[in-house]
Amino acid sequence: MAKRPHLNQLGAADAAARIATGKLTSEALVRACLERIEEREGSVHAWAFLDPDLALSQARARDRERPRGPLHGVPIGIKDNIDTEDMPTEYGSKLYEGHRPTMDAAMVGRLRAQGAVILGKTRTTEFACPFPTITRNPHDLARTPGVSSSGSAAAVADFMVPLANGTQTGGSVIRPASLCGLYGYKASLNGLDRAGIRHLKPSIDTLGLFARSLADIALMRGTLVVGPAPRAPRAGRKGPRIGVARTHVWPQARPETVAAIETTQQILGAPDVELPAQLERAMERFGAVTRYEGLRMTDQIVLDNLGEINPWSRDGIVGGKSITRAEFDEASREAQLARMQLAGLFDDYDILITPAAAGEAPADLTAIEGGAFNTLWTHMYVPCLTLPLFVGPNNMPVGLQIVGPHGADETILAAAAWIETRFRESGALPIRVG
């Protein structure tokens with residue numbers, strides 16, 4: 001007889017269904033998550049703020065109500081650069097220690113309205129930059145979980161919470177999901193409501209989600225889409241039209257990622273796709289956009305205390321002062337031209353397959369991490385999804401990234417389900433590579 005999972009190991013969909021039918025209370029589920037956190041947090045360091053009494057009071061309130069929505073009573077972790085009115089939001093910075101926003105960000109408000117329990121704030125790097133924090137990868141505590149949504153990825157991967165959210169400027173959702181063996185979803189630019197996220201670079205930063213199953217990603221996304229969520233198209237037996245885009249940073253791929261892409265092509269029969277050269281040209285000017293907007297979205301508290309923040313963020317802010325409006329406008333035009341050409345490519349393909357990360361999680365916990373295989377797609381505004389289909393030579397996860405046309409978020413969810421089915425039909429998962 002199969003061993004029953006501990007309550008903290010339940011997926012969101014399963015837990016929500018049990019709560020809705022009275023087979024499980026939100027309080028029991030939240031207690032199980034808190035017990036897991038107490039057991040593991042001293043090693044993983046996934047949480048920036050946690051108040052067990054506040055979490056349990058929310059759970060008890062949900063248990064006294066009729067279900068408000070599909071995530072009623074389910075605990076969720078909120079990245080600490082997303083405002084919460086009843087918990088501190090410190091943006092990963094000592095400059096904002098104890099900072100209490102006056103209202104929730106739109107995403108948090110929507111989750112509360114739908115009956116979710118806001119368990120706590122997951123640890124982020126300072127201002128969601130690539131400079132590492134103290135969070136560890138739960139699969140191997142000597143390795144990084146990825147940045148900047150470090151705590152969200154680690155908490156979900158370690159069964160501390162079934163769902164968490166994140167933000168992405170470069171690779172801050174997709175790469176941690178890959179390194180931690182999760183399903184990670186980055187929305188199209190405005191696919192999820194970004195209102196109430198401080199220090200946001202308005203033309204780049206995008207919201208995302210973490211879960212341990214594709215069904216849970218779809219459930220949380222459906223909860224957050226205001227109004228009826230569009231129905232995902234059904235992929236027939238022939239499936240979606242798939243191309244493989246290695247991108248201009250392919251030389252950075254490690255052997256395990258090379259093997260993962262080659263295995264994917266064998267299983268799916270997907271051809272290589274040559275991306276328009278304009279995409280690489282747009283990426284050459286990506287820094288002009290982020291530095292220009294980063295400086296202008298930085299508040300006076302940071303500007304007055306540059307010597308007290310991490311050197312990566314400080315250099316970006318100082319560098320932003322040298323970017324002229326003309327340079328920013330030119331970089332923006334190059335990016336828009338690239339988006340138009342990419343949209344034309346999607347006339348022939350429904351989705352593209354591309355690496356989610358260079359390889360397994362690095363053992364270097366102090367290096368400045370980059371999202372080489374992610375930043376292009378963030379800049380192109382397209383939806384992305386990580387599938388945890390592989391394991392590398394050190395028994396660490398290796399993900400596969402799916403990219404779709406701008407606004408086709410439902411399409412990539414449907415395509416991901418079809419791809420996952422094809423992989424399962426081909427043999428046991430995850431597949432060892434490298």
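1. The model is predicted, so local features need pLDDT of at least 70 and side-chain atom pairs count only at pLDDT 80 or more, while totals for chains, interfaces and linings use all residues. Residues are numbered from 1 along each chain as its sequence is written, and side-chain values use heavy atoms, with hydrogens and water left out.

2. Rings of Phe, Tyr and Trp (its six-membered ring) pair if their centres lie within 6.5 Å; planes under 30 degrees apart count as stacked, over 60 as edge-to-face and the rest as tilted. By this rule there are four aromatic pairs. Tyr 91 and Tyr 96 form an edge-to-face pair, because their ring centres are 5.0 Å apart and their planes stand at 85 degrees. Both Tyr 91 and Tyr 96 are buried (buried means under 20% relative accessible area, exposed over 50%, partly exposed in between; 1.4 Å probe, protein chains only). Ring pairs join Tyr 91, Tyr 96 and Phe 127 in a cluster.

3. Tyr 292 and Phe 328 are stacked, since their ring centres lie 4.4 Å apart with planes at 15 degrees. This pair links distant parts of the chain, 36 residues apart: Tyr 292 belongs to helix H10 (residues 286–296) and Phe 328 to helix H13 (residues 325–345). Helices (H or I, at least four residues) and strands (E, at least two) are DSSP runs, numbered from the N terminus. Tyr 292 is buried at 9% relative accessible area, and Phe 328 is buried at 10%.

4. In helix H1 (residues 12–20), the buried residues are Ala 12, Ala 15, Ala 16 and Ile 19. Seen down the axis, the buried residues of H1 fall within an arc of 100 degrees and therefore line one face of the helix; the arc is that of the directions from the helix axis to the C-beta atoms. The buried residues of H1 pack against helix H2 (26–44), strand S4 (163–168) and helix H7 (214–224), contact meaning heavy atoms within 4.5 Å.

5. The whole structure holds 21 salt bridges, each a side-chain nitrogen of Lys or Arg within 4 Å of a carboxyl oxygen of Asp or Glu. One of them joins Glu 334 and Arg 285 (3.8 Å, N to O). Glu 334 lies in helix H13 and Arg 285 in the loop between helix H9 (277–284) and H10, so the pair ties together parts that are 49 residues apart in sequence. Glu 334 is buried at 14% relative accessibility, whereas Arg 285 is partly exposed at 31%.
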